[in-house]
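The structure is shown first, and the description follows.

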Amino acid sequence: MKQKFDIITSTCVPLPLENVDTDQIIPARFLKATTREERFFGDNLFRDWRFNADGTLNKDFVLNDSAYGGCILVAGKNFGSGSSREHAAWAIAGYGFRVVISSFFADIHKNNELNNFVLPVQVSEDFLAELFQSIKANAKTEVKVDLPNQTVTNLATSRSEHFDINGYKKHCLMNGLDDIDFLVQNQNKTELWEQQSK
């Protein structure tokens with residue numbers, strides 16, 4: 001979903017598991033889908049963890065715990081490892097997450113998130129551990145993600161960290177542009193460059 005980014009303040013959903021791979025984010029059987037409908041993939045985010053084998057809700061999984069909510073997913077180290085399927089980013093965006101915070105992202109998955117208007121925020125392991133502690137102590141803990149200044153703040157402790165992001169992707173997120181939108185927006189510049197290059 002194309003949404004402009006600026007500053008997001010939200011409660012969080014904690015997933016303190018390391019090495020969460022793309023097959024756990026969206027199981028392989030859903031890759032056969034012929035739709036790009038966000039709701040379809042969002043409904044099947046973490047499908048095998050959210051539901052029991054008989055299709056009933058797994059009450060022990062965090063997405064089924066009404067105490068937690070918001071548009072920020074806080075995940076353990078090495079999030080999005082495994083296959084390069086873009087469907088994993090579709091599922092995260094389709095569920096409604098706008099930000100994923102982790103101490104390390106698999107590169108391809110990180111780029112897939114950016115391409116689908118989900119902001120991956122990489123923080124230190126120490127900051128991540130503190131954030132998990134704050135959320136565990138109070139499910140209503142809020143985090144402020146400031147894209148213009150590239151900072152993330154745990155509002156329970158007032159601790160902030162700076163995060164890196166590619167300048168082009170930052171521009172696109174802040175202006176609600178995908179790659180094609182960006183090219184169309186700069187069509188005149190492209191045509192001028194072509195004329196000057198002849």
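## Pairing of E1 with E5

Thr 11 lies opposite Glu 142 of strand E5. Strands here are DSSP runs of E with at least two residues, and helices are runs of H or I with at least four, both numbered from the N terminus. Strand E1 (residues 7–15) and E5 (residues 142–146) are antiparallel and are joined by five bridges; two strands count as paired if DSSP finds at least two bridges between them. Within E5, Val 143 is the bridge partner of Ser 10.

The model is predicted, and local features need pLDDT of at least 70, side-chain atom pairs count only at pLDDT 80 or more, while totals for chains, interfaces and linings use all residues. Residues are numbered from 1 along each chain as its sequence is written, and side-chain values use heavy atoms, with hydrogens and water left out.

## E1 and its parallel neighbour

E1 also pairs with strand E2 (residues 72–75), in this case in parallel and through four bridges. Leu 15 has Ala 75 of E2 as its bridge partner.

Seven of the nine residues of E1 are buried, leaving the strand mostly covered. Buried denotes under 20% relative accessible area, exposed over 50%, and partly exposed the range in between, with a 1.4 Å probe and protein chains only.

## The E5–E6 hairpin

E5 is joined to strand E6 (residues 151–154) by four bridges in the antiparallel sense. Asp 146 stands across from Thr 151 of E6. The hairpin has four residues between its strands, and Gln 150 adopts a positive phi near 55°.

## The chain as a whole

Nine helices and seven strands make up the secondary-structure count of the chain. The chain is as compact as a globular protein of its length, because its radius of gyration is 18 Å, close to the 16 Å that the globule rule gives for 198 residues. The radius is taken over C-alpha atoms, and the rule is 2.2 Å times the number of residues to the power 0.38. Along the principal axes, the C-alpha atoms fill a box of roughly 65 × 45 × 25 Å.

Of the 198 residues, 45% are buried. Among contacts (heavy atoms within 4.5 Å) with a separation of 6 or more, 65% come from residues 24 or more positions apart.

## Surface and charge

The chain exposes about 10400 Å², with 48% supplied by carbon and sulfur atoms; areas follow the Shrake-Rupley method with a 1.4 Å probe.
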